[in-house]
Amino acid sequence: NRVNQFETRLDYIKSIIGELSIRLRDVRVCCGDWNRVMGAAVTCANLKQTAIFLDIPYTTEADCFVGAYANEDKSLGYVVAKWALEHGDDPAYRIAMCGYEGEYQFPDSWECVAWKAGGYGSGRGGRGDTNRHRERIWFSPHCLKHGFELVNT
């Protein structure tokens with residue numbers, strides 16, 4: 001167990017933060033309006049590859065409650081999925097897109113990973129509890145394969 005090799009929990013946390021800071025040193029995190037964030041200056045300008053993680057508001061197919069987001073545009077996901085599909089075969093992009101099972105149709109060349117959410121809508125019965133089992137992340141063909149497993153605690 002990796003935790004046991006440290007004298008204190010604080011030493012363990014410092015180690016993890018140090019590793020993350022090295023790994024994320026050249027990462028640019030963008031959050032905001034889709035059209036502003038996805039311009040060439042932010043994505044592939046002067047870069048060989050860009051990883052893009054898309055976690056957009058749910059669409060009408062998600063059967064999600066109203067009021068989940070400040071922006072309730074339930075068609076935005078379709079626009080984003082279309083962009084992802086148009087750029088998914090480009091080796092300059094490594095795209096990961098979140099959504100619900102049945103919400104989007106990606107080709108077989110995209111890896112689909114199912115996972116179970118916890119948090120806001122889970123554990124209360126009803127749609128949130130059902131929908132948490134529908135969570136998916138689709139990875140474009142140029143994403144690295146590490147044999148990872150999504151784990152919820």
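The model is predicted, so local features need pLDDT of at least 70 and side-chain atom pairs count only at pLDDT 80 or more, while totals for chains, interfaces and linings use all residues. Residues are numbered from 1 along each chain as its sequence is written, and side-chain values use heavy atoms, with hydrogens and water left out.

**Fold and surface**

- The protein chain has four helices and four strands, taken as DSSP runs numbered from the N terminus (helices H or I, at least four residues; strands E, at least two).
- The order of elements from the N terminus is α-α-β-α-β-β-α-β.
- Of its 153 residues, 31% count as buried; buried means under 20% relative accessible area, exposed over 50%, and partly exposed in between (1.4 Å probe, protein chains only).
- The accessible surface comes to about 10600 Å², with 53% of it belonging to carbon and sulfur atoms; areas come from the Shrake-Rupley method with a 1.4 Å probe, and for residues only the protein chains shown count as cover.
- Among contacts (heavy atoms within 4.5 Å) with a separation of 6 or more, 60% join residues 24 or more positions apart.

**Strand pairing around β2**

- Strand β2 (residues 93-100) has seven of its eight residues buried.
- β2 pairs with strand β1 (residues 50-54) in the parallel sense over five bridges, where pairing requires at least two DSSP bridges between the strands.
- β2 also pairs with strand β4 (residues 135-139), in the antiparallel sense and again over five bridges.
- M97 of β2 is the bridge partner of L54, and the partner of M97 in β4 is W138.
- Beyond its neighbours within four places in sequence, M97 contacts residues including L54, I56, V80, A84, F106, I137 and W138.

**Nonpolar cores**

- A nonpolar core is a set of buried Ala, Val, Leu, Ile, Met, Phe, Trp, Tyr and Cys residues joined through side-chain atoms within 4.5 Å.
- The largest core has 19 residues, and those with the most contacts inside it are L54, W83, A84, M97 and F106.
- α2 (34-37), β1, α3 and β2 each supply at least two residues of this core, and α3 gives the most, with five.
- Another core, apart from this one, has six residues, among them C98, V113, I137 and F139.

**Aromatic pairs**

- The whole structure holds seven aromatic pairs; rings of Phe, Tyr and Trp (its six-membered ring) pair if their centres lie within 6.5 Å, with planes under 30 degrees apart counted as stacked, over 60 as edge-to-face and the rest as tilted.
- The ring centres of F106 and W110 are 4.5 Å apart with planes at 35 degrees, so this pair is tilted.
- F106 and W110 are both buried.
- Ring pairs join Y78, Y104, F106, W110 and W138 into a cluster.

**Salt bridges**

- There are two salt bridges, each a side-chain nitrogen of Lys or Arg within 4 Å of a carboxyl oxygen of Asp or Glu.
- E86 and K82 form a salt bridge at 2.9 Å, N to O.
- E86 and K82 lie four residues apart in helix α3 (residues 76-87), about one turn of the helix, and both are exposed.
- R136 forms a salt bridge with E101, with the closest N and O atoms 3.3 Å apart.
- R136 lies in β4 and E101 in the loop between β2 and β3 (111-114), so the pair ties together parts 35 residues apart in sequence.
- R136 counts as buried at 11% relative accessibility, whereas E101 counts as partly exposed at 45%.
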